[in-house]
Amino acid sequence: MSRGKPIGRLFLFFAMFALLLTGCEKPLSNVLDPQGKIGKEQLELINLSVYIMIFVCVIVFAIFFYVLLRFRRKPGDNAIPKQVEGSLMLETLWIVIPIILLVILAIPTVMTTFSQAKEAPKTASEDFIRVKATGHQFWWEFEYPDYKIRTSQELHIPVGKKVYVEVTSDDVVHAFWVPGLAGKVDASPGRINRIPIDADKPGIYKGRCAELCGASHALMNFQVVAEKPSEFEKWAKKRQKPKSEPQTVEAKDGKKVFAQNCMSCHAIDGTKLKMKGDKAPNLTGFAKRNKIGGLLDNNEKNLDRWLKNPEKVKPGTYMPGFSHLNKKDLSSLKTYLKSLK
Ligand code: HEC
Ligand SMILES: [Cu+2]
């Protein structure tokens, strides 16, 4: 293969780089195009600091090049130029100008930070909802205290309402981040950090863990499902009264297999058996989820893959594999999971 001229190669390099940048993420996951009021306020702060930096760079480089050209040493000129050390005017200038710039940066930053970090009001209201998000290796749990529901991997939120998220962790330090909506916040064990999020329009926004937390950190994804408030209420009602009792013989068998093998870790609400495992995602309404483990499309083939060897999908996961179950048990188990609505 010909190696091309250096300029050609350089061009190719930048062209590929540009291509890489454009291909990074689908829409709805772009930090520089947030889809909610809160993200937009945060973007304004980013923009303000970028404008100030550009302003400083332009002036400094303009002076730099001016001095470079204007005061070049000419041949035969060996005189020492006039010294400006101790110039009161210059020193005042280069102290006062940065102070002014920092104040311009600080006022909106402090105001926005404090107004966004406010705690949710104590009494529930129509204007906002509360969510507690807990990071686990390698999945997210979401709790809605005002609705008394608990879910995982999929955070449903009503469009146009402020969502007060209280973030914490059950094990190591994770970080809660929905790039398309707002900034990130650490999820630390034994501590609650707050971040509000909101979405202007319905859609599915990618969420991810933003703190290296173990082997499957990069796979610790979740989804934010933003829907019209009426749809959200419908979803919440359904979650409060889920259809978890099996209706067919096969699903009934599957429930037995589940009770024997899975109940120690997983909870399913709305069954006569008390399935209250708390070491793993709550599987209530599992059939309605878009993804398995926040990662694989929720279909038969992937469910099979996940149940037989979750380690292969998420290295280091605490979910054991169940490839030892016989064909019939595995198939009735899947039927039961697919009936959870
Ligand atoms: C030792 C505890 C444990 C047992 C037992 C267990 N699981 Fe899991 N399971 C987990 C953990 C932990 C996760 C979360 C994995 C992740 O995403 O990182 C999980 C995830 C899942 C998921 C994906 C959930 C989601 O929200 O997308 C399904 C489905 C699942 N398990 C089914 C089962 C079934 C069926 C059984 C029994 C045959 C079972 N599990 C047994 C710990 C367990
Ligand atoms: Cu993590």
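**Metal sites and their surroundings**

User: Does Met319 count as buried or exposed?

Analyst: The relative accessibility of Met319 is 18%. Buried means under 20% relative accessible area, exposed over 50% and partly exposed in between, with a 1.4 Å probe and protein chains only. Met319 therefore counts as buried.

User: What kind of model is this, and how are its parts numbered?

Analyst: Residues are numbered from 1 along each chain as its sequence is written, while chains are lettered from A and ligands numbered from 1 in the order in which they are written. Local features need pLDDT of at least 70, side-chain atom pairs count only at pLDDT 80 or more, and totals for chains, interfaces and linings use all residues, side-chain values use heavy atoms with hydrogens and water left out, and the model is predicted.

User: Which residues coordinate the iron atom of ligand 1?

Analyst: Donors are N, O and S atoms within 2.8 Å of the metal (3.2 Å for Na, K and Ca), and water is not among the atoms, so sites may look incomplete. At 2.0 Å, the iron atom is coordinated by the NE2 atom of His266 and the SD atom of Met319. His266 lies in the loop between α5 (249-261) and β11 (267-268) and Met319 in the loop between α7 (310-313) and α8, so parts that are 53 residues apart in sequence are tied together by the pair. Helices (H or I, at least four residues) and strands (E, at least two) are DSSP runs numbered from the N terminus; the residues asked for are His266 and Met319.

User: What is the geometry of the iron site?

Analyst: Four donors count as tetrahedral if all angles lie between 85 and 135 degrees; four count as square planar and six as octahedral if opposite donors are over 155 degrees apart and all others between 65 and 115; anything else is irregular. The six donor atoms of the iron atom of ligand 1 have angles of 87 to 178 degrees, and the site is octahedral.

User: Which polar backbone atom lies 2.6 Å from an oxygen atom of ligand 1?

Analyst: A polar contact is a pair of N or O atoms within 3.5 Å; within protein, one must be able to donate a hydrogen and the other to accept it, and residues adjacent in sequence count only if both atoms are side-chain atoms. An N or O atom in the side chain of Lys314 is 2.7 Å from an oxygen atom of ligand 1. The backbone atom at 2.6 Å belongs to Gly293.

User: Which residues coordinate the copper ion (ligand 2)?

Analyst: The donor residues follow the spacing H-x34-C-x3-C-x6-M in sequence. His174 lies in strand β6 (residues 174-177) and Cys209 in strand β9 (residues 203-209), so this pair links parts that are 35 residues apart in sequence. Both of these residues are buried. At 2.1 to 2.5 Å, the copper ion is coordinated by His174 (ND1), Cys209 (SG), Cys213 (SG) and Met220 (SD).

User: Why does the copper ion (ligand 2) have the arrangement that it has, and what is that arrangement?

Analyst: Its four donor atoms subtend angles of 92 to 123 degrees. These angles make the arrangement around the copper ion tetrahedral.

User: With which side chain does Thr151 make a polar contact?

Analyst: Thr151 belongs to strand β3 (residues 149-152). Its relative accessible area is 3%, so Thr151 is buried. The contact, at 3.4 Å, is with the side chain of Arg239.

User: Is Lys148 buried or exposed?

Analyst: Most residues other than glycine have a negative phi. Lys148, in the loop between β2 and β3, has a positive phi near 55 degrees. Its relative accessibility is 72%, so Lys148 counts as exposed.

User: What is the phi of Gln153?

Analyst: Gln153 sits in the loop between β3 and β4 (154-158). At 4% relative accessibility, Gln153 counts as buried. It is not a glycine, yet its phi is positive, at about 65 degrees.
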